Amino acid sequence: MTEAILLVGGKGTRLRPLTVHTPKPMVPAAGVPFLTHQLARARAAGVEHVVLATSYLAEVFEPYFGDGSSLGLHLEYVTEEEPLGTGGALRNVASRLHAAPGDPVLVFNGDVLTGLDIASLVDTHRTTGADVSLHLTRVADPRAYGLVPTDEAGRVTAFLEKPQTPEEIVTDQINAGAYVFTRSVIDTIPNDRPVSVERETFPGLLADGAHLQGLLDSTYWLDLGTPHAFVRGSADLVLGRAPSPAVPGPRGEYLVLDTADVAPDAKLAGGTVIGARARVGSGAEVTGSTVLDGAVVEPGAQVRDSLIGTGARVGARTVLEGAVIGDHAAVGPDNELRDGVRIWCDSRIPAGAVRFSSDQ
Ligand code: GDD
Ligand code: MG
């Protein structure tokens, strides 16, 4: 096994609000662009060649990852002119694969943090002789995912992307966004239009009697599609709950990048990350949060489960809980922002302007 395709494009990905300008795969999680963790984990599982299937400008990725050699990989970039969907994106990079028709090719959604044993997914694929093998996980609320019921041997019996009705919720097993495709299956995806692997390819393969094999693996798994999940994932990397060879420092309650400046009496906990050139003032408490490069947390601020964007500022004594502060935004002193509030990039909140009350 030497090859993988990483899906990092799509319509929504760039806009879906972290309220930071950086495209999501490049937003730092535990101090490095999120994609680094996926690439490093693939490398550790023996992958040598990765094709990044994007629909943004490859300029976003290439200056950082280059040819991949710093990660021990051979990395290639393919940019779709218009997003081709998850299946169309695979077909679009098929010409870059070295795999023979019967060889396995790994495919990863680019926004998932997981401890999946990649080698065991490849093993499952080999031993069952499947056309496609899928990593499955269980979640409490499966509605935002692809539902994947299986028989007693783990063979997939249906694929129901984002079920709309209660009757469609037939299982809590979902598609965890990591697959092994037999290469020839990728070559059968139409190459002249957008195709969704979840809505078209998988249901079509099942209708044709193909063998889709599920591997239920209940290791760490998180879709980083929301800012809250992103911050959670970053914290779990720092705490060591989510495994990655790419975390730049020891596991523990916090990760402070070299050029950050944290006051000696500030309290950092819960997997907090303080980015390069960021500052945390005296008496501030930052818990389970991500403070991106160059951001400032002023003295006495209390920050919990929040994302503070690049170059943003959080005023003295301000309380943040479950908040997202966009890049270069400034929240003045003595504010209280809670419950999923998003402060858009570059905006200004004056001193003492916002209080929170549930009126309970
Ligand atoms: N290159 C390219 N082109 N990539 C794409 C495109 C595209 O047109 N559309 C989506 N992607 C990439 C996204 O960047 C992401 O990494 C991955 O494909 C999945 O797309 P999402 O838009 O994040 O889908 P989702 O999270 O709603 O659902 C998917 O992931 C779930 C697990 O997190 C599905 O695969 C579900 O079945 C699955 O349960
Ligand atoms: Mg997703």
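Predicted model: local features only at pLDDT ≥ 70, side-chain atom pairs only at ≥ 80, totals over all residues.
Local features need pLDDT of at least 70 and side-chain atom pairs count only at pLDDT 80 or more, while totals for chains, interfaces and linings use all residues. Residues are numbered from 1 along each chain as its sequence is written, and side-chain values use heavy atoms, with hydrogens and water left out.

An open sheet is built from 6 strands in the order β14-β17-β20-β23-β26-β29, with parallel pairing. Strands (E, at least two residues) and helices (H or I, at least four) are DSSP runs numbered from the N terminus, and two strands pair if DSSP finds at least two bridges between them. Because β14 (254-256) and β29 (342-343) each have a single partner strand, they stand at the edges, and one side of each is left without a neighbour in the sheet. Within the sheet, β20 (residues 290-291) and β23 (residues 307-308) pair in the parallel sense over 2 bridges; valine 291 has isoleucine 308 of β23 as its bridge partner.

Helix α7 (residues 227-239) packs on this sheet and touches β14, β17 (272-274), β20, β23, β26 (324-325) and β29. Contact means heavy atoms within 4.5 Å. The direction of α7 makes about 90 degrees with that of β17, where axes are lines fitted to C-alpha atoms, for helices over the stretch in contact, and angles run from 0 to 180 degrees between N-to-C directions.

The structure also holds 7 aromatic pairs. The rings of tyrosine 64 and phenylalanine 65 form an edge-to-face pair, because their centres lie 4.9 Å apart and their planes stand at 80 degrees. Rings of Phe, Tyr and Trp (its six-membered ring) pair if their centres lie within 6.5 Å; planes under 30 degrees apart count as stacked, over 60 as edge-to-face and the rest as tilted. Phe159, Tyr179, Phe181 and Phe202 form one aromatic cluster.

Technical notes: Chains lettered and ligands numbered in written order.
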